[in-house]
Amino acid sequence: MSKEVSQESIQKIENFVAKYCNKTGTTTHPDQAITEAVVLGLARHRDTLGKPLCPCRFYPDKAEEIQHRTWICACDDMQIYKYCHCLLFVTQEGLPITEYLPEDHDGRKTYGLVQDPTPELGRPLRHKADEREEERKQRLS
Ligand code: SF4
């Protein structure tokens, strides 16, 4: 992996990913290159911003973004819907879980219905789904 990113951050993120997979019943992507790229992106943000901001999105102002927890890994989408759009936390088949997403969500449109093989695990913020959906509708309007 790149020398620009500290080994300490890479190690921390790898540890987090392993624990989070266990906690949520998900797995990392079968294509190791995808997992490495996302881990590296998260570790880079940990080095530069002090927080593992999701590396798969564009932010007009990263310093402002980290004031909120929305896109700090594990992000709100993961904690509410168990949906990882970076494909870091997926099913054995390498698909992101889309079962809990609103039906018109991009994730549903892209991947179809992907059921959660371990519904008893994860989604600690599931009670915020209505609030999150309201925010999404406002962004789209
Ligand atoms: S989509 Fe969410 S859970 Fe997946 S890597 Fe990005 S921040 Fe982490």
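Colleague: Let's start with C54. What makes it count as buried?

Modeller: C54 has 23 C-beta neighbours inside 10 Å. A residue is called buried if 20 or more other C-beta atoms lie within 10 Å of its own, exposed if 12 or fewer, and partly exposed in between, with C-beta atoms placed from the backbone. Because 23 falls under "20 or more", C54 counts as buried.

Colleague: Before we go on, what kind of model is this?

Modeller: It is a predicted model, in which local features need pLDDT of at least 70 and side-chain atom pairs count only at pLDDT 80 or more, while totals for chains, interfaces and linings use all residues. Residues are numbered from 1 along each chain as its sequence is written.

Colleague: Thanks! Where is C54 found, and how far is it from W71 in space?

Modeller: C54 is in the loop between α2 and α3; helices here are DSSP runs (H or I, at least four residues), as strands are (E, at least two), numbered from the N terminus. C54 and W71 are 17 residues apart in sequence, yet their C-alpha atoms are 5.5 Å apart.

Colleague: Which residues come nearest to the ligand?

Modeller: C54, C73, C75, C84 and C86 do, out of the 14 residues around it. The criterion is a C-beta atom, placed from the backbone, within 6 Å of the molecule.

Colleague: How do the residues of that shell divide?

Modeller: Into 12 nonpolar, one polar and one charged. Nonpolar means Ala, Val, Leu, Ile, Met, Phe, Trp, Tyr, Cys and Pro, charged means Asp, Glu, Lys and Arg, and the others, Gly among them, are polar.

Colleague: What stands out about the phi of K82, and why is K82 called buried?

Modeller: K82 has a positive phi of about 65°, although it is not a glycine. Its place is in the loop between α4 and α5 (106-111). K82 has 26 other C-beta atoms within 10 Å, so it is buried.

Colleague: And how do you know that R123 counts as buried?

Modeller: R123 has 20 C-beta neighbours inside 10 Å, and since the rule reads "20 or more", R123 counts as buried. R123, in the loop between α5 and α6, has a positive phi near 55°.

Colleague: Why is α1 called oblique to α2?

Modeller: Helix α1 (residues 7-24) and helix α2 (residues 32-49) pack at an angle of about 125°, with axes 8 Å apart. That makes α1 oblique to α2, because angles under 35 degrees count as roughly parallel, over 145 as roughly antiparallel, 65 to 115 as roughly perpendicular and the rest as oblique. Axes are lines fitted to C-alpha atoms, for helices over the stretch in contact, with angles from 0 to 180 degrees between N-to-C directions.

Colleague: How do you know that the length of helix α6 agrees with expectation?

Modeller: The expected span is 1.5 Å times one less than the number of residues. For the 12 residues of α6 (residues 129-140) that gives 16 Å, and the end C-alpha atoms are 16 Å apart, so the two agree.

Colleague: What makes α6 hardly covered, and why is E133 called partly exposed?

Modeller: The count of buried residues among the 12 residues of α6 is zero. E133, found in that helix, has 15 other C-beta atoms within 10 Å, which lies between the cut-offs, so E133 is partly exposed.
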